[in-house]
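Morning, everyone. I'll take a few minutes on helix packing, domains and the chain interface. Please have the structure up on your screens.

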Amino acid sequence: MGEYLSKYFKLRKHNAQVAFKKAKLSKMCYLFLAPYAIIFATFYILPVITSIFYSFTYYNILETPRFIGPQNYLSLILQDDVFLKGIKNTFMIAVITGPLGYIMSFLFAWLINELPRWIRAVAVIIFYAPSIAGNLYTIFSIFFRGDAYGHVNAFLINNGLIDSPVLWFTNPKYMLPICMVVILWMSLGQGFLAFVAGLQGIDRSQYEAGYMDGVKNRWQELWYITLPNMKPMLMFGAVMAITSSFGVCDVTMALCGYPSTDYAARTVVTHLFDYGYSRFEMGYASAIATMLFLIMILCNKAIQSLLRRVGT
Amino acid sequence: MKKNEKEIKAPLIKKRHPNRSVGGDIGIYIFLLLVAIAMVFPLVYAINGALKPLDELFMFPPKVFARNPTLDNFSDLFVTMGKSWVPFSRYIFNTTFITAVGTAGHLLVASMGAFVLAKYEFPGGQVFFKLVQIALMFSYYVTAIPNYLIINKLGWIDTYWAIIIPAFAMPMGFFLMKQFMEGLPTSLIEAAKIDGANEWKVFMGIVMPNVKPAWLTMIIFSVQALWNNKAATYIYSEEKKTLVYALQQIQSGGIARTGQAQAVTIIVISVPILIFVFSESQILETMASSGLKD
């Protein structure tokens with residue numbers, strides 16, 4: 001009996017010691033994580049919560065926020081024609097440039113993968129540079145300049161295709177397509193880098209095993225060996241592509257003006273800026289931000305569940 | 001010995017894939033070449049624009065390449081800069097300060113957090129990482145307005161901190177660092193601990209020197225974000241404005257400044273691109289561990 005009791009207490013003591021050590025280790029972990037966690041919570045989590053809160057109020061910074069229920073959302077969807085135009089434009093840009101940019105990122109990463117080392121390094125720089133080149137895209141406003149000194153207009157006039165210069169960024173017919181070209185030009189970003197790196201990391205012996213098993217051409221190799229190996233990078237690239245394609249505003253604002261003719265280049269984010277920074281209707285702007293947040297998260301979740309099935 | 005290895009390896013690598021057709025290879029090379037030309041064209045066009053004298057900028061028909069390249073636009077730009085109300089070196093200082101402090105802080109703060117998340121298990125750790133992953137999924141614009149209100153509450157409006165402190169917590173760098181650190185062998189850390197090093201020493205002495213590629217990646221993403229930051233909504237005193245903002249003021253100075261505007265663009269974009277060129281291989285090493293697992 002005594003032996004049993006002493007064993008019991010020994011075990012208890014041991015457990016307590018382990019728990020103490022664990023607590024000490026956790027404390028250390030929390031201390032290391034704390035600086036990042038606090039700043040992250042303040043500038044990334046708290047804003048989302050405040051945004052949701054203000055979206056149910058009327059708030060113009062000067063007066064205290066007044067609770068008005070779902071009124072902001074109802075006005076956005078039922079009465080705000082400009083917002084609906086913004087949603088339409090954003091979805092159009094996202095549906096076209098999102099998947100296309102994503103496919104381009106993968107395709108070019110895959111095609112340059114087998115090039116000799118230094119050519120590949122140069123190719124990565126050429127493809128990636130536009131996305132880190134800040135506002136180099138403003139060069140397109142000179143290239144597509146509305147007068148006869150713009151290259152596109154000069155070329156078309158010289159060849160007799162048009163007789164007077166086209167106002168590329170003022171005519172609603174051309175605004176969005178040109179913006180999409182520019183966005184696609186800039187779309188080989190972080191996702192592209194992840195693909196290049198991921199393709200380099202695939203074990204070569206898998207390909208050799210593939211030849212033995214009768215993989216006939218590069219397409220079969222892509223589907224049966226490369227893509228399944230790239231799944232985590234494909235997920236990462238998809239997140240990058242969706243997030244950037246729904247957040248479009250820089251390019252359209254810089255090229256088409258703000259506000260653009262007939263709101264033809266308005267996006268959800270431009271609308272958000274309009275109400276947030278020009279009209280100071282923070283409650284309304286928060287409702288726009290919350291909707292944008294939901295759209296981005298839902299799209300990401302949907303695409304991720306789709307990508308899980310690649311190569312299976 | 002080493003030479004022998006190379007000799008054996010070299011033919012293996014050079015060997016063509018048995019399942020590739022020559023026609024397909026040639027087609028791909030031509031396709032890639034055309035796309036590369038299209039991708040690089042706007043950059044070449046911008047550089048040539050910056051080198052064109054004024055009469056060539058407004059020539060009909062316009063030419064892509066400058067016929068009499070000159071650096072006049074750049075020297076004119078310096079003259080314009082000299083005339084600004086706030087000395088131009090001040091703008092350069094502002095941007096350099098914001099970029100340097102923001103990047104250094106981001107590197108330290110995010111690496112510390114990433115280290116414990118990657119190497120230890122503790123309650124709440126995985127939940128926190130899930131939150132960071134969700135933060136990757138929405139862009140900066142979603143939080144722009146509440147961020148302004150929060151920074152206003154903190155009293156940081158019109159200070160450098162309004163840009164610097166939020167940059168410390170950029171989710172992208174944190175995410176990449178954590179994924180990269182997971183690849184570090186745990187035995188390395190345990191060995192140091194047996195030798196009596198505490199966590200801080202392990203972090204600074206063992207972990208950080210071993211994740212240099214990830215640093216460079218964090219640095220380029222952070223520099224790119226901060227260097228191009230106009231900060232127009234947070235900073236309104238002229239003497240605290242950033243370089244990009246000041247240069248854009250020059251840019252919007254009308255037709256006569258067209259050449260200078262293009263010179264501005266070239267100067268602004270050269271910094272992030274040069275950093276990328278010099279750190280490409282390390283960045284690619286980091287991106288190899290960027291995958292999202294579920």
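Let me start with a question: does α1(A) pass α14(A) in a left-handed or a right-handed crossing? Left-handed is the answer for α1(A) and α14(A). One caution before I go on: this is a predicted model.

Now the geometry of that pair. Helix α1 of chain A covers residues 2–54, and helix α14 of chain A covers residues 282–307. Their axes come within 7 Å. The crossing angle is roughly 120°. So α1(A) counts as oblique to α14(A).

Who makes the contact? From α1(A), we have Val48(A), Ser51(A), Ile52(A) and Tyr54(A). From α14(A), the partners are Met282(A), Gly283(A), Ser286(A), Ala289(A), Thr290(A) and Phe293(A). Sort the residues of this helix contact by class, and you get six nonpolar and four polar. Charged residues: none.

Next, the domains of chain A. The assignment gives domain 1 as 2–54 and domain 2 as 80–307. Between their C-alpha centres there are 42 Å. In the contact, domain 1 of chain A puts in four residues and domain 2 of chain A puts in six. On the domain 1 side in chain A, three residues are nonpolar, one is polar and no residue is charged.

Over to chain B. Here the assignment runs 18–70 for domain 1 and 82–287 for domain 2. The C-alpha centres of these two domains of chain B are 32 Å apart. Seven residues of domain 1 of chain B and six of domain 2 of chain B form the contact.

Which helices of chain B supply the domain 1 side? Both α2 (22–51) and α3 (54–57) of chain B give at least two residues each. The largest share is from α2(B), with four residues. By class, that side of domain 1 of chain B has five nonpolar residues, one polar and one charged.

Last, the interface between the chains. Chain A contributes 83 residues to the contact, and chain B contributes 73. Which element gives the largest share of chain A's side? Back to α1(A): 20 residues come from this helix.

Technical notes:
Residues numbered from 1 in each chain as written. Chains lettered and ligands numbered in written order. Predicted model: local features only at pLDDT ≥ 70, side-chain atom pairs only at ≥ 80, totals over all residues. Axes fitted to C-alpha atoms, helices over the stretch in contact; angles between N-to-C directions. Parallel < 35°, antiparallel > 145°, perpendicular 65-115°, else oblique. Left-handed = near helix turned anticlockwise from the far one by under 90°. Contact = placed C-beta atoms within 7 Å. Nonpolar A, V, L, I, M, F, W, Y, C, P; charged D, E, K, R; others polar. Domains from an automatic or database assignment.
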